[in-house]
Amino acid sequence: MVRDPIASESTPPAEEICAALDDPDCREIIRSLEEPMTASELTSACEIPQSTLYRKLEVLTDATLLEESTEIRQDGHHASKYAVAFNEITIVLDDDRSLAVQIERPARTADERLAELWSEVRKET
């Protein structure tokens, strides 16, 4: 399943985002993602076992900190690629004295908007 946190209308609870950022493996994955990478590329770059890496990618995508997209390959063996989906995270104290998270997302390029549109079209077919 491809997940796009930028297109998502909701932000996960502050606890979920903080838990993901508190995990050393998750922080290492974020540090390593200077450009989009596949899980196998991340396994090598981060030196995290693949089974652990997939769990951490799930945590990060659920927390909307990573964007998952599909790399279309001519041989038909498509691959998921992961990219950092935020520029800045701010934790604030709401009026009701509970913690809330504000996430600043990167601007979308025309190519990214087209890929998002294509993804939506593929869902319909």
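Contact here means heavy atoms within 4.5 Å.

1. Basis. This is a predicted model, where local features need pLDDT of at least 70, side-chain atom pairs count only at pLDDT 80 or more, and totals for chains, interfaces and linings use all residues. Residues are numbered from 1 along each chain as its sequence is written, and side-chain values use heavy atoms, leaving out hydrogens and water.

2. L42. Set aside the neighbours within four places in sequence. L42 is then in contact with I29, S32, L33, M37, E47, L53, L57 and Y82.

3. Core. A nonpolar core is a set of buried Ala, Val, Leu, Ile, Met, Phe, Trp, Tyr and Cys residues joined through side-chain atoms within 4.5 Å. Buried means under 20% relative accessible area, exposed over 50%, and partly exposed in between (1.4 Å probe, protein chains only). The largest nonpolar core has 22 residues, of which I29, L42, L57 and L60 touch the most other members. At least two residues of this core come from each of α1 (14-22), α2 (24-32), α3 (39-46), α4 (50-62) and β5 (99-104). Helices (H or I, at least four residues) and strands (E, at least two) are DSSP runs, numbered from the N terminus.

4. Helix α1. A14, I17 and A20 are buried in α1. They lie on the same side of α1 because they cover an arc of only 135° around the axis. The arc is taken from the directions from the helix axis to the C-beta atoms. E15 and D22, on the other side of α1, are exposed. Cover for the buried residues of α1 includes α2, α4, β4 (88-93) and β5.

5. W118. This residue sits in helix α5 (residues 110-124). W118 is exposed, at a relative accessible area of 52%.
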